[in-house]
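Colleague: I am new to this structure. Could you take me through its salt bridges?

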Amino acid sequence: MERLTDKPAARGVLERYRDRLPVTDDTPMLSLGEGGTPLVSSRRLIERVGCKDLYFKLEMCNPTSSFKDRGMVVAVAKALEAGARAVLCASTGNTSASAAAYAARSGLDAFVLVPHGRVARGKLAQAVAHGARILSVRGNFDDALAIARRISEKHPIALVNSVNPHRIEGQKTAAFEIVDDLGDAPDLLFIPVGNAGNITAYWRGFVEYFQAERAGQKPRMIGWQAAGAAPIVRGEPVADPQTVATAIRIGNPASWELAVAARDESGGEINAVTDEEILDAYHLLAEEEGIFCEPASAACVAGLLKTAAEHPESLRDQTIVCVITGHGLKDPETALAIETDAPEVDADLAAVESAMGLA
Ligand code: F0G
């Protein structure tokens, strides 16, 4: 039960957007304060990009530090409404963290299937902390999702992957917020693509706001996959996807057709960036903008920098939003993989001054 005192601080997605979501009188108003994330302008990268305006939608500022919370709160609330006792997902990490948190808050059991050895440590830590039942599947995300789908067909357990339509509904609210903050839709939306639910959700949100005349235009959707896990770009499933961006290490996206529709209806594109380009963008964002995201999130910024290098004219005069989907702290291994120069010093003023070059 929500107490009244939970409400003023952060109303959450269900309450704020109830008119545009599948909310009924029986839907519990579950919330961890998701949504309402910052849209911050670029201070330094914009000079490299050469566009009119550049913003970052900081979806890493959601309660479990990724965009998944917007959709998960709707999926778990609807599962509760339907009388479910347990939820289930396959995940590269963030969906499981989010499902675990909202299930914990609701008193539901959460089962999560993760690809063995391929989930960033911070995400596993979240699922462990929230008491999820974690199964480390010897296979990749696509294998785990196929099994999760079968289980939810055979047993009364709610599947909360983005094949659950409530997830997409919740996630579209991020597009509403961008329009509300900018006063209109941007010209271009740069977004990482993995299982392809989020690009689908943003497109739906932009289309809805356009139809409701809350926006005067719709953006072109520019999606980015990792080169080693780029089935949509290649036009065929990838049997053994590989990338440093483990969140988007997916070879056969569930929302493939919807993502292609979003791309084509918007006049957009879905392209690929290499791991090297992803890591370059990851470091640049942290070092030049103060934004520490996980590698998958940096894929769209890598794509923007690549576009700026190859087709600078296509970006001039454009207002661009990059969706920063998840927090860098989720993947400490990648952050610490760069050579860190942290010399040990004695706890002594003169020694520290000398090490700082102040002596
Ligand atoms: N960025 C991050 C940080 C993600 O965790 C994901 C997907 C994506 C981008 C891609 O979004 O799948 O909607 O195209 N993570 C899923 C998970 C697959 O299990 O957490 P998408």
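Modeller: Glu 288 and Arg 48 form a salt bridge, meaning a side-chain nitrogen of Lys or Arg within 4 Å of a carboxyl oxygen of Asp or Glu. This is a predicted model, in which local features need pLDDT of at least 70 and side-chain atom pairs count only at pLDDT 80 or more, while totals for chains, interfaces and linings use all residues. Residues are numbered from 1 along each chain as its sequence is written, and side-chain values use heavy atoms, with hydrogens and water left out.

Colleague: How far apart are the closest N and O atoms of Glu 288 and Arg 48?

Modeller: The pair links distant parts of the chain, with Glu 288 in helix α12 (residues 275–289) and Arg 48 in helix α2 (residues 45–49), 240 residues apart. Helices are DSSP runs (H or I, at least four residues), numbered from the N terminus. The closest N and O atoms are separated by 2.6 Å.

Colleague: Is Glu 288 buried or exposed?

Modeller: Buried means under 20% relative accessible area, exposed over 50%, and partly exposed in between (1.4 Å probe, protein chains only). Arg 48, at 47%, is partly exposed. Glu 288 has 16% relative accessibility, so Glu 288 counts as buried.

Colleague: Which residue forms a salt bridge with Glu 294?

Modeller: Glu 294 lies in the loop between α12 and α13 (295–310) and its partner in helix α5 (residues 121–129), so the pair ties together parts 171 residues apart in sequence. The closest N and O atoms are 2.7 Å apart, and the partner is Lys 123.

Key:
Helices (H or I, at least four residues) and strands (E, at least two) are DSSP runs, numbered from the N terminus.
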